[in-house]
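Colleague: Please take a close look at one part of this model, the packing of its helices. Tell me also what the confidence values say.

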Amino acid sequence: MNQAVNSPFRYAGGKFYARKLILEYIPQHFSYVEPFAGGASIFFAKDKVQKNWLNDIDEDLVNVYLFIRDYPEKLIDTLKNEVATKERHNFYKNVFIPNNPLEKATRWYYLNRTSYSGIMNMRNCYWGYGDKYSMRPENWGRNILRTSQKLQNVRLTQLDFEEVIKQVEDNSFLFIDPPYFNADQDKFYNHSFSKECHYRLSNVLKNSGNRFQFLLTYDNSPEIQELYSWAKLIHEKEWNYTINRTDDQKKTKDVQDDIKKEATVKKGSRYKGREIFITNFALVTEGYTQLSLNYEYI
Ligand SMILES: C[S@@+](CC[C@H](N)C(=O)[O-])C[C@H]1O[C@@H](n2cnc3c(N)ncnc32)[C@H](O)[C@@H]1O
């Protein structure tokens, strides 16, 4: 399957709501790479090309992708009688100890589909499911199969971004979505991303970016503008999105405050995302990836 589907995951910092804006920046390409894949909402929202590579340093995340790509039926089978309840969420989070990669993938998938904002750092992973706004367990199997089809022949790795960027084929297109520069991203992800990592990213892009085209998304800060003053374009962009909440999330005020930092204007449960888009190429108006969205699940 080549066409657009939704990301199988809810993911902190995911670009689901910015898909339309981002796809407008993607030129024609034959080789597509995401060094910081996370929920890979842009890969899933666009058509697949000849070569596709998703990478993330998070071992558990890559393990689920591998299961979905290679053994979807096994994962569907272990999840088939699941119900989405706070008790099952607590069981998977606090009691269940996975003994093998399949059990790890099952636990991860269950917690992700029932978590608040897709925060998969266990210290901040809270029950966040609602029948009206979440994908129901009876649809998980179908979602896993559809995702598996899209992941066929996709290269999946668990490497540090620098190794990926150094290895990409000439003339590839890279969508680069690192953790934010200014928010405390250790609350969301399992691997910390220090200031040194941000500088390392800028250096590797500066030194090898003449071999490929990239779009990099970041929180807007003077340091980032300075760090990328060598780039071709820096555009400030904004979009709307909604956060759904259950009672438990009152406990997670700190984390919510961090999410709101990313979403600076609050209007009821609707927020505004604000980021900068940085490219090493100038935009032309023709030949860009068109959006064919599927709004069935978020
Ligand atoms: C902002 S999220 C990506 C979100 C994604 N674009 C989406 O739509 O869901 C950043 C990702 O970078 C990953 N990451 C953190 N440090 C990394 C590193 N050194 N190398 C590769 N990936 C890393 C995190 O695990 C996280 O999944």
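**Confidence and helix packing**

Modeller: Two residues count as in contact if their C-beta atoms, placed from the backbone, lie within 7 Å. This is a predicted model, in which local features need pLDDT of at least 70 and side-chain atom pairs count only at pLDDT 80 or more, while totals for chains, interfaces and linings use all residues. Residues are numbered from 1 along each chain as its sequence is written. Where pLDDT is low, the predicted coordinates should not be read in detail. For the chain, mean pLDDT is 87, and 86% of its residues reach 70 or more.

Now the helices (DSSP runs of H or I, at least four residues, numbered from the N terminus). H4, residues 72-79, packs on H6, residues 101-113, at about 60°, and their axes are 10 Å apart. Axes are lines fitted to C-alpha atoms over the stretch in contact, and angles run from 0 to 180 degrees between N-to-C directions. The H4-H6 crossing is right-handed, that is, the near helix is turned clockwise from the far one by less than a right angle. From H4, Lys 74, Leu 75, Thr 78 and Leu 79 meet Leu 102, Ala 105, Thr 106, Tyr 109 and Tyr 110 of H6. This contact has 6 nonpolar, 2 polar and 1 charged residues (Ala, Val, Leu, Ile, Met, Phe, Trp, Tyr, Cys and Pro are nonpolar; Asp, Glu, Lys and Arg charged; the others, Gly among them, polar).

H4 also packs on H7: their axes come within 10 Å and cross at roughly 165°. The two are therefore roughly antiparallel (over 145 degrees). This crossing, too, is right-handed. Pro 72, Leu 75, Ile 76 and Leu 79 of H4 meet Trp 140, Gly 141, Ile 144, Leu 145 and Ser 148 of H7. By class, these residues are 7 nonpolar, 2 polar and no charged.

H7, residues 140-151, also packs on H3, residues 59-70, at about 90°, with axes 7 Å apart. That makes H3 roughly perpendicular (65 to 115 degrees) to H7. Tyr 65, Ile 68 and Arg 69 of H3 meet Ile 144, Thr 147, Ser 148 and Leu 151 of H7. The H3-H7 contact has 4 nonpolar, 2 polar and 1 charged residues.

Key
Parallel < 35°, antiparallel > 145°, perpendicular 65-115°, else oblique. pLDDT = per-residue confidence, 0-100.
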